[in-house]
Amino acid sequence: MALSYEDTHCKRCGKECTAWINDGLCYDCLREKHLEDIRESIEEGEPDTFSDEYIVCPYCGSAVEGTDAMLDFPELGVDGEHELECEECGKKFKVESLISVDWETHKMEDK
Ligand SMILES: [Zn+2]
Ligand SMILES: [Zn+2]
């Protein structure tokens, strides 16, 4: 299969990348677009803040990277509901941490 120019260049920033994997976008633009989609949903009044990268304030759309937030609030790495205060608008909101589960198996005889 021959890749076209559009397949190998981001349609937003024009950078050469694996655009064919990400719907025509590079990884940076994909992250940006992801955040834009979340903010759009907040503006439309139906916040869809589900993200594996950002914790987004459901009031003002201010985003912190989840990994950064966990440095300050390690409890965010624990399954369940947590409370955060937005640094931008000062409002408190709930964060639900959904921790993915991984499994590894071992044979009975390996102790
Ligand atoms: Zn790009
Ligand atoms: Zn906020």
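Between strands β3 and β4 the hairpin has six residues, and in this hairpin G90 adopts a positive phi near 75°. The model is predicted.

- Within the pairing, E83 has K94 of β4 as its bridge partner.
- C86 is located in the loop between β3 and β4.
- Leaving out residues up to four places away in sequence, C86 touches C57, Y59, C60, S62, K91 and F93.
- C86 and C26 are 60 residues apart along the chain, and 29 Å separates their C-alpha atoms.

**Helix α2 and what follows it**

- Helix α2 comprises residues 27-43, and S41 has its place there.
- The 17 residues of α2 should span 24 Å at 1.5 Å a residue, and the end C-alpha atoms are 24 Å apart, so the two values agree.
- S41 has 17 C-beta neighbours inside 10 Å and therefore counts as partly exposed.
- Not counting residues up to four places away in sequence, the contacts of S41 are E46, P47 and D48.
- From S41 to A69 the separation is 28 residues in sequence and 22 Å in space, taken C-alpha to C-alpha.
- After α2 comes G45, which has a positive phi near 85°.

**Loop between α1 and α2**

- D23 lies in the loop that runs between α1 (5-8) and α2.
- Although D23 is not a glycine, its phi is positive, at about 65°.
- D23 counts as exposed because it has 10 C-beta neighbours inside 10 Å, and the limit for an exposed residue is 12.

**Nonpolar cores**

- Six residues, C10, C17, A19, L25, C26 and C29, make up the largest nonpolar core.
- A19, a member of this core, is in contact with E6, D7, T8, H9, C10, K11, G24, L25 and C26 when its neighbours within four places in sequence are left aside.
- Another core, of five residues, lies apart from the largest one and includes I38, I55, V56 and C57.
- C57, one of the residues of that other core, is also among the residues that C86 touches.

**Domain arrangement**

- The domain assignment divides the chain into domain 1 (8-46) and domain 2 (49-100).
- The centres of domain 1 and domain 2, taken over C-alpha atoms, are separated by 21 Å.
- Contact between the domains involves six residues of domain 1 and eight residues of domain 2.
- On the side of domain 1 that touches domain 2, three residues are nonpolar, one is polar and two are charged.

Methods: Residues numbered from 1 in each chain as written. Chains lettered and ligands numbered in written order. Predicted model: local features only at pLDDT ≥ 70, side-chain atom pairs only at ≥ 80, totals over all residues. Domains from an automatic or database assignment. Contact = placed C-beta atoms within 7 Å. Nonpolar A, V, L, I, M, F, W, Y, C, P; charged D, E, K, R; others polar. Core = buried A, V, L, I, M, F, W, Y, C linked by C-beta atoms within 7 Å. Buried ≥ 20, exposed ≤ 12 C-beta atoms within 10 Å, placed from the backbone. Helix = DSSP H or I, 4+ residues; strand = E, 2+ residues; numbered from the N terminus. Pairing = 2+ DSSP bridges. Expected span 1.5 Å × (residues − 1).
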